[in-house]
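The following exercises concern one protein model. Please work through each task before reading its solution.

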Amino acid sequence: MDKLKGMASKMGGGSSGEQKPAAGGEQQDYVDKGLAAGEKQFGVNAPAGMNEKVTDQGREMFEKQTG
């Protein structure tokens, strides 16, 4: 996991896994973008705040299982 964090920090990501909002709004990570693409494909329109909570919870569960 440390190796992945190191690669992410080299690519511009933070070491804590959190991304700061951009000046014009929130910045989406790859999981947020993937969920948005899936919603678009299936015609689902969920609020961005709910999507953020869903992806954050999924990420926390993944990190808890993988260490």
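Buried means under 20% relative accessible area, exposed means over 50%, and partly exposed lies in between, with a 1.4 Å probe and protein chains only. This is a predicted model, in which local features need pLDDT of at least 70 and side-chain atom pairs count only at pLDDT 80 or more, while totals for chains, interfaces and linings use all residues. Residues are numbered from 1 along each chain as its sequence is written, and side-chain values use heavy atoms, without hydrogens and water.

**Exercise 1.** Determine which elements the protein has and how much of the protein is buried.

Solution. Helices (H or I, at least four residues) and strands (E, at least two) are DSSP runs, numbered from the N terminus. The protein has three helices and zero strands, in the order α-α-α from the N terminus. Of its 67 residues, 10% count as buried. The protein exposes about 5800 Å², of which carbon and sulfur atoms supply 57%; this area comes from the Shrake-Rupley method with a 1.4 Å probe.

**Exercise 2.** Describe how α2 and α3 pack.

Solution. Begin with the geometry: α2 (residues 30-42) and α3 (residues 48-66) pack at an angle of about 125 degrees, and their axes are 10 Å apart. Axes are lines fitted to C-alpha atoms, for helices over the stretch in contact, and angles run from 0 to 180 degrees between N-to-C directions. Next, apply the classes: under 35 degrees is roughly parallel, over 145 roughly antiparallel, 65 to 115 roughly perpendicular, and the rest oblique. The two helices, α2 and α3, are therefore oblique to each other.

Finally, list the residues that meet, where contact means heavy atoms within 4.5 Å. From α2 come Val31, Asp32, Leu35 and Glu39; from α3 come Asn51, Glu52, Thr55 and Arg59. The residues of this contact of α2 with α3 divide into two nonpolar, two polar and four charged. In this scheme Ala, Val, Leu, Ile, Met, Phe, Trp, Tyr, Cys and Pro are nonpolar, Asp, Glu, Lys and Arg are charged, and the others, Gly among them, are polar.

**Exercise 3.** Is Leu35 buried, partly exposed or exposed, and which class does Asn51 have?

Solution. Leu35 lies in helix α2. Its relative accessibility is 27%, so Leu35 counts as partly exposed. Asn51 belongs to helix α3, and because its relative accessibility is 12%, Asn51 counts as buried. Apart from neighbours within four places in sequence, Leu35 is in contact with Asn51 and Thr55. With the same exclusion, Asn51 is in contact with Asp32, Leu35, Glu39 and Ala46.
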